[in-house]
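Before reading on, take a moment to look over the sequence and the model side by side. The notes that follow begin with one pair of residues and then widen to the parts around them.

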Amino acid sequence: MTVSDHRLQDAIDTLKSSGVRITPQRHAVLEFLLNAMTHPTADEIYKALESKFPNMSVATVYNNLRVFKDIGLVRELTYGDSSSRFDCNTSDHYHAICNNCGKIVDFHYPSLNEVESLAEQVTGFDVSHHRMEVYGTCSKCQTEMAH
Ligand SMILES: [Zn+2]
Ligand SMILES: [Zn+2]
C-alpha cells in the first residue's frame, strides 16, 4: 500500500465510524482529494471525475465536500472569492499562493504557534486558530517567465 492508500483507508474508516455511507462517487471525490495535493475547487474535482460519473453534478461534489468537512476530513479555504478550495491536509500548516497561476503550496512553521499565546496575553482573547498566507510567484511560473 502506498502512503495515499493508507490515508484513503483511514479516511474511509473515519467516514464509516461517523455513519456516513460510502457511495462510489463519495469514494472517488475522497480519493481525488487525497491524491491531488493542489487544494482543488469543487469545480475542478467535478471536471476531473465527470467522465467517470456522467450523472454527477457540481452540487453532488459540493455536498460530498461538506460531509467531509463536517467530520473534519477536509478544510475549506475561502479567500474572499466565490470558489472555495478544499484541503485534505488538516494538520496545522500555512499556504504560499502564486499570484500568477493561483497554485497553493503547503509549508509548516511551528514556531508561529507562539503568536497565539502572545495574542491571548495581549488581547485577553481565547484564541481558536490563526491563518497566514504568503504570496509570490511559484517556481514553475518563474521558469516560464524567464523564457
Ligand atoms: Zn504559478
Ligand atoms: Zn494546505
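In this predicted model, Ala-96 stands opposite Val-134, a residue of strand E5. That pair belongs to the contact between strand E3, which covers residues 94–98, and strand E5, where four bridges join the two strands and the strands run parallel. The points below place this pair in its sheet, then turn to the nonpolar core and to the protein as a whole.

- Strands of a sheet pair through backbone hydrogen bonds, and they can do so in either a parallel or an antiparallel way.
- Three strands form an open sheet in the order E4-E3-E5, and the pairing within this sheet is mixed.
- The edges are taken by strand E4 (104–107) and strand E5 (133–136), each of which pairs on one side only.
- From one strand to the next, the twist of this sheet averages 25 degrees.
- Ile-97 also faces strand E5, where Tyr-135 is the residue that stands opposite.
- Strands E3 and E4 are likewise joined by four bridges, but these two strands run antiparallel, and here His-95 stands opposite Asp-106 in E4.
- The hairpin of E3 and E4 has five residues between its strands, and within this hairpin Gly-102 takes a positive phi near 80 degrees.

**The largest nonpolar core**

- The largest nonpolar core has 15 residues, and those that touch the most other members are Leu-30, Leu-33, Val-61, Leu-65 and Val-74.
- Helix H2 (24–35), helix H3 (42–49) and helix H4 (58–70) are the elements that give two or more residues to this core, and H2 gives the most, with four residues.
- Which residues does Leu-65 contact, once its neighbours within four places in sequence are left aside? Leu-65 is then in contact with Ala-42, Val-74 and Phe-86.

**The protein as a whole**

- The protein has six helices and five strands, and along the sequence these follow the pattern α-α-α-α-β-β-β-β-α-β-α.
- The C-alpha atoms fill a box of roughly 50 × 50 × 35 Å, taken along the principal axes.
- Of the 147 residues in the protein, 15% are buried.
- Among contacts between residues at least 6 apart in sequence, 49% join residues that are at least 24 apart.

Methods:
Residues numbered from 1 in each chain as written. Chains lettered and ligands numbered in written order. Predicted model: local features only at pLDDT ≥ 70, side-chain atom pairs only at ≥ 80, totals over all residues. Pairing = 2+ DSSP bridges. Axes fitted to C-alpha atoms, helices over the stretch in contact; angles between N-to-C directions. Buried ≥ 20, exposed ≤ 12 C-beta atoms within 10 Å, placed from the backbone. Contact = placed C-beta atoms within 7 Å. Core = buried A, V, L, I, M, F, W, Y, C linked by C-beta atoms within 7 Å.
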